[in-house]
Amino acid sequence: MTSSSTGIGMTSQRTRDRLIKRLRDMGIVNQRVLEAIRQTPRHLFVEEALASRAYEDTALPIGYGQTVSQPYIVALMTQALLAEGPMNTVLEVGGGSGYQTAVLAGLVDEVYSVERIGPLMHLARQRLFSSGYRNIHYKVSDGSWGWPEHAPYDGIMVSAAPVEVPQTLLQQLATGGRMVIPVGAGDRQELLLIAANEEGMTRTHLEHVNFVPLIGGQGRP
Ligand code: SAM
């Protein structure tokens, strides 16, 4: 690992360990998820001026009115997605800074990441490529329509909130697959786990959350 990926001072291993302890205290128990978060250099996914805050458990601005998700939420969503075991393909909607993408890419075979803001995705792609990730596919597009060419997916993770779950995304979930998605308007959103099985779909409430809106054709009917 290079010194830029291991970090110094406020981005050091000790600072990361403190974050992992906090996530454990908050109920994150999946060892693989905790290890992926420990290994992922979050300070490389925020502006340099904010690097010293990268291992605080807080959302941070990434430009264009968007934020990198709070580590606890990234951990909770990833843990819920992978609770039944490893996955081959995961569709991510709302790639943003690329941080959640990196955590996923350390845990599954292939990540298909869709982001609607071109400059954010180009920056994420550069950061992820230079950090050594080679199992991520990128598309600048309205992710409320998913990425049908590679469907069905074992997992779908959505990092922006539609008012209702887009039908198009449900259709791209494999039987046996799982989707984690925040749903609702304004600050009345709930994080849902949707599991697809032979009989249909089950929905489980995970947490109250506060995501930016999913903007686009299928997000705000
Ligand atoms: N997981 C991201 C990270 O780690 O940086 C956080 C992303 S931020 C909370 C939500 C992202 O969803 C923003 O980058 C926003 O541009 C994107 N977004 C919103 N609506 C979208 C849509 N319809 N399709 C794709 N991306 C969308």
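Which pocket is the space taken by the ligand? That space is the largest pocket, where a pocket is, on a 1 Å grid over the protein atoms alone, an open set of points that has protein on both sides within 12 Å along at least five of seven lines. The model is predicted, so local features need pLDDT of at least 70 and side-chain atom pairs count only at pLDDT 80 or more, while totals for chains, interfaces and linings use all residues. Residues are numbered from 1 along each chain as its sequence is written, and side-chain values use heavy atoms, with hydrogens and water left out.

Around the ligand stand 25 residues, each with a heavy atom within 4 Å of the ligand. The closest are S97, E115, D142, G143 and I215. By type, the shell holds ten nonpolar, twelve polar and three charged residues; Gly counts as polar, and Asp, Glu, Lys and Arg count as charged. Strand β2 (66-68) gives the largest share, three residues.

Polar contacts are pairs of N or O atoms within 3.5 Å. A side-chain N or O atom of S97 is 2.7 Å from an oxygen atom of the ligand. From the backbone, an N or O atom of I215 lies 2.4 Å from a ligand nitrogen atom. The protein buries 99% of the 600 Å² that the ligand exposes when taken alone, as found by the Shrake-Rupley method with a 1.4 Å probe.

S97 lies in the loop between β3 (89-93) and α5. Its side chain also reaches the backbone nitrogen of Y99 at 3.1 Å. S97 counts as buried because its relative accessibility is 5%, and buried means under 20%.

Methods. Polar contact = N/O pair within 3.5 Å; in protein donor to acceptor, adjacent residues only side chain to side chain. 1 Å grid on protein atoms, 1.4 Å probe; cavity = no way out; pocket = protein on both sides within 12 Å on 5 of 7 lines; lining within 4 Å. Sits in = over half its atoms within 2 Å of the grid points. Helix = DSSP H or I, 4+ residues; strand = E, 2+ residues; numbered from the N terminus. Buried < 20%, exposed > 50% of the residue type's maximum accessible area, 1.4 Å probe, protein only.
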